[in-house]
Amino acid sequence: MNEKVIRIRGARVNNLKSVDIDLPTKAITCFAGPSGSGKTSLAFHTVYNESKRRFLNSFPNYLKFFSDRPAPVDVDEIFPVLPVFGLPQINPIVGTRSVIADTMRLSEIFQNLYFHHAQEYCPEHHTPLMRLSFGEVLHEHLVDYDDNSKFYLAISRSDFLTYFSNAPFPSRSYDEGIGEFKKSDPYWEVLRFKKKSLATLDKKLAPYLEREIDIYLIDEQDKLTKTPVVKQKICPVCHRGGVVSKSPAKFTAFNALGACSKCNGFGATLEYDREKLVDQELSVEEGGVKFLEYKRFHQEYEDLYWELKAAKISTTKAISELPEKFWKILYQGKGQFCGLEELFKWLETKKYKPSVRIFVRGKQKEVLCPNCHGTRISPEVEHFYLEDKVSFYDIWKMDLGEVYEYFSSFDMRSRTKDFKALIKKLLSILETALGIGLGHLKLTRKVKSVSAGEYQRLLLLKHLSYEGTGALFIFDEPSLGLSDEEKGKLFNGLRNLVDQGNTVFLIDHSDFFHSRSDRFVFIGPESGKRGGEVIFNGDYEEFRDKHPFKVEIAPQVPEKRKWIEVKAPQAYNKVFSDFKIPLNEITWVTGPSGSGKTARVLNVLANELHYKAYGTRLDISKGEAKSIKSAQKIDDVFVIDANLNRYTSRSTFGSMTDMFSIVRKHFLKTAAAKSMGLKEGHLSPNSALGQCPACEGRGVKVVEMQFLEDIVLKCEDCKGLKLKPIYASLSDGEMTVAEAYSMPVSEVVKKIKLTPKYRRINEYLKILKLDYLSLDRGVNSLSGGEKQRLYLLNQLQKEIYNSLLVFENLSFGLSKRELQAVCLFLQKLTAQNNTIALIDQNHFYENVASYKLDFS
């Protein structure tokens with residue numbers, strides 16, 4: 001690649017205003033600007049999509065048919081078009097089977113390593129299994145005979161005729177004794193030998209051993225004994241057999257041969273959780289047996305009540321105080337009450353109903369599989385070793401840091417070329433993973449359980465380990481959740497890609513990357529329609545001098561503090577140190593990856609307080625603590641993270657903020673609406689009453705093309721308005737319904753009367769700088785920062801008092817200006833006796849938080 005720049009001309013995707021820009025190749029370019037200003041539109045929706053589309057169009061038609069190709073991009077020119085790899089903000093986790101090792105592609109390396117290079121050991125004697133000869137195995141059965149004793153070896157008549165039909169018949173056969181050959185006898189002789197010639201048997205019996213035919217021994221007393229056919233390696237001490245037919249499929253959880261039969265390769269089994277079945281702090285009369293509140297089990301609850309009365313077990317005491325006899329009756333039943341175990345069986349027969357499956361899964365918990373101990377692999381290959389200390393199973397129980405330490409200690413001098421290549425690849429991936437703060441993750445940790453930042457970094461790994469030249473890499477918010485040290489290691493990985501002759505585009509709000517990138521591009525000046533222009537393209541130092549940022553917020557420190565104190569917190573089988581956070585203040589929770597920030601604050605503190613407030617736990621792994629003491633009662637718990645995968649294709653800004661409701665009610669008060677008897681559904685594209693029947697409320701029609709990109713056309717019936725034209729044109733004298741839906745919400749609210757609730761929401765929109773968006777703007781078309789603030793607003797619409805609010809990676813996708821607006825909003829919440837914990841690595845919180853909780 002000789003071109004020094006990527007030339008982009010006339011980019012008009014989304015809000016971009018015919019952008020012309022030259023970006024350097026073989027360099028790191030960092031894009032910045034307000035969320036929604038057009039950064040992602042330029043880097044991803046323009047450069048990435050068009051590069052990918054042209055690449056896929058170079059495929060033959062039979063391959064293009066199965067490819068998900070982007071639509072043509074509205075741009076005049078992009079040159080040169082490079083092979084492109086991208087990591088967007090939104091990366092949905094698909095499936096519940098995948099673990100960390102799968103995402104990092106370590107599972108494949110382990111599979112190859114242990115199939116080709118591992119030795120199977122006896123679990124009892126810890127001795128390598130050996131493939132003994134037939135003579136060696138037979139010797140164990142002939143120890144009581146002298147060397148000149150004579151023996152016969154025979155095979156079944158059917159095996160002889162099947163495999164050796166063209167061979168001459170033998171001279172002897174066996175029925176009740178060895179004798180002259182008879183074709184009707186069940187066993188035919190194949191060899192006669194003396195004990196002293198055992199060593200020569202394998203060569204003579206090769207045709208039979210190769211076919212693994214059963215061979216029978218006939219001794220001098222005419223006793224017939226089936227000999228052990230050596231189909232696998234065995235222990236030389238106890239003759240325990242190993243894997244019968246070793247294959248790569250037995251070393252992976254993604255094949256029926258290798259997956260644990262107990263858990264089907266998931267590493268965990270489901271069992272009913274007593275805590276979900278019963279609230280032990282309540283009595284039976286107070287509804288403590290939650291499981292029996294299922295609509296079909298009301299009669300069983302009554303039966304249980306009377307059986308407990310008959311057994312003289314209290315129904316008014318807390319269930320935690322009841323004797324063991326209560327649990328026996330509850331599970332096994334008595335008299336008229338059938339017991340939970342019978343109800344569990346009945347539910348299994350009804351699992352074809354979605355409602356039953358949902359109910360049952362809600363009452364169950366994942367438990368480590370007792371067969372494979374969470375490794376997901378069949379116990380058949382448990383005792384394979386590369387060295388005599390760490391087995392295949394032991395590897396799967398390690399975290400990434402431990403795996404790196406183990407394999408980096410190998411003496412490679414006597415190893416084969418293939419083994420060295422696999423270890424080199426493995427260590428390269430692990431070294432990068434440790435550098436970006438993933439060393440604490442267990443290989444078998446479910447991907448669905450990691451934070452958004454950890455998952456983003458997991459996906460980064462495959463790009464950072466790329467070996468090639470002339471490619472373009474585009475990363476959106478790669479610094480999420482990283483400390484400065486980890487950012488430095490990530491940047492070194494990006495620099496390594498550039499040194500190989502590749503080009504890197506970053507979309508990031510971190511000063512760390514801004515100051516170290518070769519080129520800095522600022523898109524703005526504002527968000528949405530007020531953005532879409534290249535404000536600056538050059539050196540970051542020059543930009544910072546021209547556009548200095550002024551901090552207009554400061555920590556609010558009270559005169560006297562009250563605390564929430566947590567003693568001996570533990571989660572994910574780890575015990576952490578004690579900690580405390582001040583009440584009614586903003587606490588910045590920081591520390592390196594794997595230090596237990598989220599585990600302590602979210603899994604332990606937030607989970608326990610939510611249980612005390614509602615009697616249920618959050619939908620996350622449960623943590624525990626010796627004690628949690630608060631100087632103030634916590635009435636509610638809110639958890640807001642950086643997960644952007646929570647919206648449907650029909651979600652809009654108006655539906656998420658509930659502003660659609662007040663606007664529709666405004667139009668329903670008009671005389672025309674009253675005369676037609678309209679309801680809110682008539683003004684909604686999601687309701688059959690109001691949606692355009694031609695496009696089903698989507699505003700567009702998609703024409704599927706077999707070998708070309710699908711064509712998206714504006715609906716001719718509704719003109720893209722999504723509503724039936726008669727309802728879309730309904731007017732209040734100043735604006736129509738369609739105009740109200742499409743104009744910025746800041747203009748709409750000036751023309752309608754707001755209730756106190758919607759005045760508060762409108763005030764929040766101004767504070768969070770979201771009032772430039774229109775009501776019908778699809779949520780999936782918003783930037784990450786816009787989605788983050790919208791979700792924050794959606795969660796906190798009601799008045800909140802005496803609550804704990806935990807924010808994880810709140811700064812995701814937000815510029816300093818927007819983050820400052822969000823923090824001003826949070827400071828207002830602390831004035832209502834709310835306690836806020838910010839789990840984040842962004843140093844901007846030094847200007848906001850009155851207390852810093854550092855887990856370094």
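In this predicted model, Glu-696 lies in the loop between α24 (671–676) and β27 (700–703). Its phi is near 55°, a positive value in a residue other than glycine. Glu-696 is partly exposed, with a relative accessible area of 41%. Lys-722 also has a positive phi, of about 75°, although it is not a glycine. This residue sits in the loop between β28 (711–714) and α25 (725–728). Lys-722 is partly exposed, and its relative accessible area is 23%. Most residues other than glycine have a negative phi, and most peptide bonds are trans.

Cis peptide bonds were found at two prolines. The bond from Phe-79 to Pro-80 is cis, with omega near -5°. Pro-80 belongs to the loop between β4 (77–79) and β5 (84–87). A cis bond also joins Gly-524 and Pro-525, where omega is about 0°. The loop between β18 (519–524) and β19 (533–538) contains Pro-525.

Helix α13 spans residues 354–362, and its buried residues are Val-356, Phe-359 and Val-360. They cover an arc of only 95° around the axis, so they lie on the same side of α13. An α-helix has 3.6 residues a turn, so residues three or four places apart point the same way.

Definitions and conventions
Residues numbered from 1 in each chain as written. Predicted model: local features only at pLDDT ≥ 70, side-chain atom pairs only at ≥ 80, totals over all residues. Heavy atoms only, no water. Buried < 20%, exposed > 50% of the residue type's maximum accessible area, 1.4 Å probe, protein only. Helix = DSSP H or I, 4+ residues; strand = E, 2+ residues; numbered from the N terminus. Arc of directions from axis to C-beta.
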